[in-house]
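Could you walk me through this model, from single residues up to the whole chain? A guided tour in plain paragraphs would be welcome.

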Amino acid sequence: MEEKLYKKMKHIGASDLIFGIVTMVFGIGVGIIMIVNGAKLLTYKSENLF
């Protein structure tokens, strides 16, 4: 019984680790895209004033 529990915990831990890494990579990617888009908006600020 304990062996099944340890195996299940091992799989859950591994999947949580993978999910965390994927989430970090996605977050960093979105952050970079937001910084680039913000920089583009600032460079064309004088053209877009109302």
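Ser15 sits in helix α1, in what is a predicted model. For a sense of distance, take Ser15 together with Val30: they are 15 residues apart in sequence, and their C-alpha atoms lie 22 Å apart in space.

A second pair of residues gives another such distance. Lys4 and Ile33 are 29 residues apart along the chain, and 44 Å separates their C-alpha atoms. Lys4 is also part of helix α1. With a relative accessibility of 65%, Lys4 counts as exposed because the cut-off for that class is over 50%.

Now step back to the whole chain. What does the secondary structure consist of? The chain has one helix and zero strands, and helix α1 covers residues 2-43. The C-alpha trace spans about 70 × 15 × 5 Å along its principal axes. As for burial, 0% of the 50 residues count as buried. The accessible surface of the chain comes to about 5,100 Å², and carbon and sulfur atoms account for 74% of that surface.

Next, look at the charges. Side chains of opposite charge can pair when their charged atoms come close. How many salt bridges does a search of the whole structure find? The search finds one, and in it the side chains of Glu3 and Lys7 meet, with 3.6 Å from N to O. That distance qualifies because a salt bridge calls for a nitrogen within 4 Å of a carboxyl oxygen. Both partners lie in helix α1, four residues apart, or about one turn of the helix.

Finally, turn to the nonpolar side of the story. Met24, Ile28, Ile32 and Val36 form a nonpolar patch on the surface, and together they have about 400 Å² of accessible area. One of its members, Val36, has its place in helix α1. Val36 counts as partly exposed because its relative accessibility is 42%, and a patch residue needs over 30%.

How values were computed
Residues numbered from 1 in each chain as written. Predicted model: local features only at pLDDT ≥ 70, side-chain atom pairs only at ≥ 80, totals over all residues. Heavy atoms only, no water. Helix = DSSP H or I, 4+ residues; strand = E, 2+ residues; numbered from the N terminus. Buried < 20%, exposed > 50% of the residue type's maximum accessible area, 1.4 Å probe, protein only. Areas by Shrake-Rupley, 256 points an atom, 1.4 Å probe, with all protein chains shown as cover. Patch = residues over 30% accessible without salt bridge, like charges linked within 9 Å, V, L, I, M, F, W, Y side chains within 5 Å.
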